[in-house]
Amino acid sequence: MASPPPSAAPARLVVLVSGSGTNLQALLDAIDDDPEGFGARIVAVGADRSGIVGLERAERAGLPTFVCRVKDHATREGWDAALAAETARFRPDLVVSAGFMKIVGKEFLARFGGRFVNTHPALLPSFPGAHGVRDALAHGVKVTGCTVHFVDDGVDTGPIIAQGVVEVTEEDTAEGEAALHERIKEIERKLLVEAVGRLARDGYRIEGRKVHLGHVGE
Ligand SMILES: Nc1nc2c(c(=O)[nH]1)N[C@@H](CN(C=O)c1ccc(C(=O)N[C@@H](CCC(=O)O)C(=O)O)cc1)CN2
Ligand SMILES: NCC(=O)N[C@@H]1O[C@H](COP(=O)([O-])[O-])[C@@H](O)[C@H]1O
């Protein structure tokens, strides 16, 4: 699977959030710093819950937002189809899960598979799921980090785009999960900005588990 050849128009991004949205903010800031050069612009921000700082950041930036809550739908499949339809309204080239805490299903992946990027706070394939930082600490690892990857129908199993490493220190106890997560997020924000910018500017090919950046060799 390959992205379309790079075009003069910036890639359209829909960003999905569930929380504080600092990764979203990093993307907003990078685009603001170099609107022509970044290669992408955010066209909408979606969430699975209301009342979160991530949505406030989007509103402050003057972006359209949408909220799609599981509990407003009779079935999980109905929610997934609604999320896909809301996202599709904004005609994204790429969808970015930046702290989006819901597993998406068949309908969403049918529409956005191969162009849905997630950032996860651990070095995949270790410690997938909703508690990557806590699980890595509990396992006693000495290094952890973050992974930007394409989303597939597993949980955090899709092809890896980029990874960043963070050392675990003696002070990083199970109770100190938040402090380690903050150090990971400092690296993660830069990694996500760099990865999304490169995907948008240079294009990419996914061959099996390998992600090749750029249109070289086509
Ligand atoms: N089909 C996929 N969907 C998503 C993936 C993925 O790899 N495949 N990655 C996530 C993000 N993610 C970690 O990176 C993640 C988010 C949430 C969960 C989870 O277990 N969620 C529960 C609900 C938890 C909650 O609401 O707080 C759920 O979905 O029911 C695991 C991994 C983006 N989506
Ligand atoms: N498995 C998904 C997951 O744990 N996602 C994590 O949530 C945080 C969101 O931070 P933010 O809201 O400040 O961007 C990020 O660390 C992201 O990797």
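Modeller: The account below begins with the helix pair and then turns to the sheet. This is a predicted model, in which local features need pLDDT of at least 70 and side-chain atom pairs count only at pLDDT 80 or more, while totals for chains, interfaces and linings use all residues. Residues are numbered from 1 along each chain as its sequence is written.

Helix H5 (residues 132-139) packs against helix H6 (residues 177-202) at an angle of about 115°, and their axes are 10 Å apart. Helices here are DSSP runs of H or I with at least four residues, and strands are runs of E with at least two, numbered from the N terminus. Axes are lines fitted to C-alpha atoms, for helices over the stretch in contact, with angles running from 0 to 180 degrees between N-to-C directions. H5 and H6 are therefore roughly perpendicular to each other, a term covering 65 to 115 degrees.

In the contact, Val133, Arg134 and Leu137 of H5 meet Glu177, Leu180, His181 and Ile184 of H6; contact requires C-beta atoms, placed from the backbone, to lie within 7 Å. These residues divide into four nonpolar, one polar and two charged.

The open sheet has seven strands in the order E3-E2-E1-E4-E5-E6-E7, with mixed pairing; two strands pair if DSSP finds at least two bridges between them. Strand E3 (65-67) and strand E7 (160-167) are the edge strands, each pairing on one side only. From one strand to the next, the twist averages 20°. Strand E2 (residues 40-47) pairs with E3 in the parallel sense over three bridges, and alanine 47 has valine 67 in E3 as its bridge partner.

Methods:
Chains are lettered from A and ligands numbered from 1 in the order in which they are written. Angles under 35 degrees count as roughly parallel, over 145 as roughly antiparallel, 65 to 115 as roughly perpendicular and the rest as oblique. Two residues are in contact if their C-beta atoms, placed from the backbone, lie within 7 Å. Ala, Val, Leu, Ile, Met, Phe, Trp, Tyr, Cys and Pro count as nonpolar, Asp, Glu, Lys and Arg as charged, and the others, Gly among them, as polar.
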